[in-house]
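Here are my notes on the model you sent. Please read them with the structure open.

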Amino acid sequence: MAADDVSLATLLDGMHDLLGSSETSGGCGGGGCGCGGDQGPADAPAAMLSIDPRLDVRLLPHGRRHARVLAALDALPAGRALVLVAPHAPRPLPAEVEARYRGGVTTEWLRDGPDVWQIRLSREPVTV
């Protein structure tokens, strides 16, 4: 079946049937099925989905990688993050980031090898 042949409305109607949407449960419009269809009109503003940018340093010379990461973190707005992609485990980098930003950047290891390592580096939001 081609994607052009698929109707989202038909799929959702089938979902409501599977979940037991009925007059006694309140139906979709009454909030009884739990799909969230009663949360507001379809044209209501939606939250913006952001995907963390990637900083791939695998092709950079080894001696330039940390400087590139630190420059990217300097330019990163508070409350945002980037994902570092490296060809090896950058074990000294989190300590260097901590020394420079003193708790202002958190690290989360997303992928720990064996061919690619990924670390999410998040700038903490500024509190006033």
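How many cavities of 30 Å³ or more does the structure hold? The points below start there. Bear in mind that this is a predicted model.

1. Cavity count and volume. The structure holds 1 cavity of 30 Å³ or more. The space in the largest cavity comes to about 80 Å³.

2. Lining residues. The largest cavity is lined by Val57, His62, Arg65, His66, Val69, Leu84, Ala86, His88, Pro90 and Leu93. By class, 6 of the lining residues are nonpolar, 3 are polar and 1 is charged.

3. Elements behind the lining. Helix or strand, two elements each give the lining at least two residues: α2 (65-75) and β2 (81-86). The largest share comes from α2, with 3 residues.

4. Gln118. Look next at strand β4 (residues 117-123), where Gln118 has its place. Is Gln118 buried or exposed? Its relative accessible area is 19%, so Gln118 is buried; the cut-off for buried is under 20%.

5. Contacts of Gln118. Set aside the neighbours within four places in sequence. Gln118 is then in contact with Val83, Leu84, Val85, Glu108, Trp109, Leu110 and Arg111. Leu84 is one of these contacts, and Leu84 also lines the largest cavity.

6. Aromatic rings. The structure holds 0 aromatic pairs. Trp109, one of the contacts of Gln118, does have a charge over its ring. The charged end of Arg91 sits there, 4.7 Å from the ring centre.

Key:
Residues are numbered from 1 along each chain as its sequence is written. This is a predicted model: local features need pLDDT of at least 70, side-chain atom pairs count only at pLDDT 80 or more; totals for chains, interfaces and linings use all residues. Side-chain values use heavy atoms; hydrogens and water are left out. Helices (H or I, at least four residues) and strands (E, at least two) are DSSP runs, numbered from the N terminus. Buried means under 20% relative accessible area, exposed over 50%, partly exposed in between (1.4 Å probe, protein chains only). Contact means heavy atoms within 4.5 Å. On a 1 Å grid over the protein atoms alone, a cavity is a set of points where a 1.4 Å probe fits but cannot get out, and a pocket is an open set with protein on both sides within 12 Å along at least five of seven lines; lining residues have an atom within 4 Å of a point. Grid points are joined across faces, edges and corners, and a volume is the space filled by probe spheres set on the points. Ala, Val, Leu, Ile, Met, Phe, Trp, Tyr, Cys and Pro count as nonpolar, Asp, Glu, Lys and Arg as charged, and the others, Gly among them, as polar. Rings of Phe, Tyr and Trp (its six-membered ring) pair if their centres lie within 6.5 Å; planes under 30 degrees apart count as stacked, over 60 as edge-to-face and the rest as tilted. A charge sits over a ring if NZ of Lys or CZ of Arg is within 6 Å of the ring centre and within 35 degrees of the ring normal.
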